[in-house]
Amino acid sequence: MLDLEVVPERSLGNEQWEFALGMPLAQAISILQKHCRIIKNVQVLYSEQMPLSHDLILNLTQDGIKLLFDACNQRLKVIEVYDLSKVKLKYCGVHFNSQAIAPTIEQIDQSFGATHPGVYNAAEQLFHLNFRGLSFSFQLDSWSEAPKYERHLHRHRVLLLAVLPCQPNFAHGLASLQIPHGATVKRMHIYSGNNLQETKAPVMPLACYLGNVYAESVEVLRDGAGPLGLKLRLLTAGCGPGVLADTKVRAVERNIYFGDSCQDVLSALGSPHKVFYKSEDKMKIHSPSPHKQVPSKCNDYYFNYYILGVDILFDSTTHLVKKFVLHTNFPGHYNFNIYHRCDFKIPLIIKKDGADAQSEDCILTTYSKWDQIQELLGHPMEKPVVLHRSSSANNTNPFGSTFCFGLQRMIFEVMQNNHIASVTLYGAPRPSSLAHADPSAH
């Protein structure tokens with residue numbers, strides 16, 4: 001049984017690890033993988049058809065804990081303990097829930113002190129007691145007492161507000177509200193702010209940087225013909241050993257263009273997490289004359305920046321940038337959780353037909369759907385290339401194939417739910433627009 005410390009509006013964890021509000025999804029999964037012998041039976045819950053409409057949830061079924069991540073920025077928004085019988089909880093080093101201590105309303109009063117009067121939710125048949133960044137949901141022993149209790153609570157709240165300015169010691173504890181004895185905690189939530197329903201995932205805490213560089217945003221630079229490169233706004237903090245050397249987050253901007261050398265990219269972004277050499281080009285069969293291509297003694301290679309959500313392809317002969325791959329990290333994709341989500345923006349210039357033709361500026365983002373993109377750029381003339389990834393061990397892919405469409409020097413990898421899995425940008429036009437559509441880079 002896990003023994004965890006509750007820190008309101010911040011975290012749930014112990015001396016070895018901590019789930020902190022604002023933590024990236026990949027870091028939380030890394031903790032679960034590292035401690036897989038202790039934390040078992042983890043479910044990943046998401047909406048397959050509408051992944052942006054519902055939170056992405058990691059459900060620790062053995063421990064009665066849910067980690068709710070914002071569907072867009074994929075940072076931890078809410079920590080929910082839905083079964084307190086499966087976990088030990090303490091506050092300021094003192095247990096308020098364990099096998100020997102029941103989390104009754106009297107125990108919560110003793111551990112956390114008096115607070116504002118609670119709210120009874122008739123629909124849920126639960127009594128909610130809210131602190132800043134922390135809430136408890138109590139289940140009453142007898143539902144028949146609920147309507148009478150609700151009226152009493154409302155009357156007592158009026159008395160409390162009337163008497164409190166003159167007698168500040170009136171609400172010396174939860175017992176003064178005459179809450180029915182025996183009410184036990186059914187759920188506990190840790191979140192940011194005062195309102196659980198309106199809470200949002202906070203900015204990533206300094207403790208989560210761990211000396212890494214994160215991309216706040218990635219903007220595609222382009223001219224009238226097509227993409228030119230990337231403009232990255234990077235965030236970093238705490239690069240020193242031991243106690244964090246930096247107490248502030250630093251933001252810097254870096255530009256990378258097609259034709260930049262390896263040294264240029266290393267100077268701008270630092271060392272990649274991995275260098276991947278392409279063993280073969282499975283897409284060359286789609287080129288007009290694949291048999292005429294002269295085999296190369298060297299292979300093109302990628303710089304994989306997993307935390308940035310970006311891959312950069314270099315030519316094996318010139319060692320210059322020839323392609324960028326931007327990853328959206330949607331659940332239900334084969335590469336899910338390999339890359340952090342790249343929050344990109346791609347400006348487009350849409351020319352209107354007619355005598356009074358004018359150009360219109362549009363922005364494609366990580367969250368744009370394929371049908372929206374087609375409305376702006378038009379339908380591709382060629383049929384899509386079917387991309388079927390599979391494991392080398394058992395040759396299976398539980399998520400199915402994706403489709404690659406080429407438009408305006410960009411390759412869009414489209415999932416079956418109409419969302420974009422990745423966008424590949426390439427420089428000068430090639431004989432076949434799909435000859436470089438291989439988005440796999442790991």
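Tyrosine 301 has phenylalanine 314 in β19 as its bridge partner. The model is predicted: local features need pLDDT of at least 70, side-chain atom pairs count only at pLDDT 80 or more, and totals for chains, interfaces and linings use all residues. Residues are numbered from 1 along each chain as its sequence is written, and side-chain values use heavy atoms, with hydrogens and water left out.

**Strand β18 and its partners**
- Strands here are DSSP runs (E, at least two residues), helices are runs of H or I with at least four, and both are numbered from the N terminus.
- Two strands pair if DSSP finds at least two bridges between them.
- β18 (residues 301-305) and β19 (residues 310-314) run antiparallel, joined by 5 bridges.
- They form a hairpin with 4 residues between them. Glycine 309 in the turn has a positive phi of about 75°.
- β17 (residues 274-277) also pairs with β18, antiparallel, over 4 bridges. Phenylalanine 276 has tyrosine 302 as its bridge partner in β18.
- In a regular strand the side chains alternate between the two faces of the sheet.
- Both faces of β18 are covered. Tyr301, Phe303 and Tyr305 are buried on one side, Tyr302 and Asn304 on the other.
- Buried means under 20% relative accessible area, exposed over 50%, and partly exposed in between (1.4 Å probe, protein chains only).

**Nonpolar cores**
- A nonpolar core is a set of buried Ala, Val, Leu, Ile, Met, Phe, Trp, Tyr and Cys residues joined through side-chain atoms within 4.5 Å.
- The largest core has 50 residues; Phe19, Leu89 and Phe136 touch the most other members.
- Helix α1 (residues 25-34) gives this core its largest share, 5 residues.
- Apart from it lies another core of 40 residues, including Leu232, Phe258, Leu269 and Tyr305.

- Most residues other than glycine have a negative phi.
- Glutamate 9 has a positive phi near 65°. Its place is the loop between β1 (2-7) and β2 (11-13). Glutamate 9 is partly exposed, at 28% relative accessibility.
- Histidine 319 has a positive phi near 60°. The residue lies in the loop between β19 and β20 (321-327). Histidine 319 is partly exposed, with a relative accessible area of 37%.
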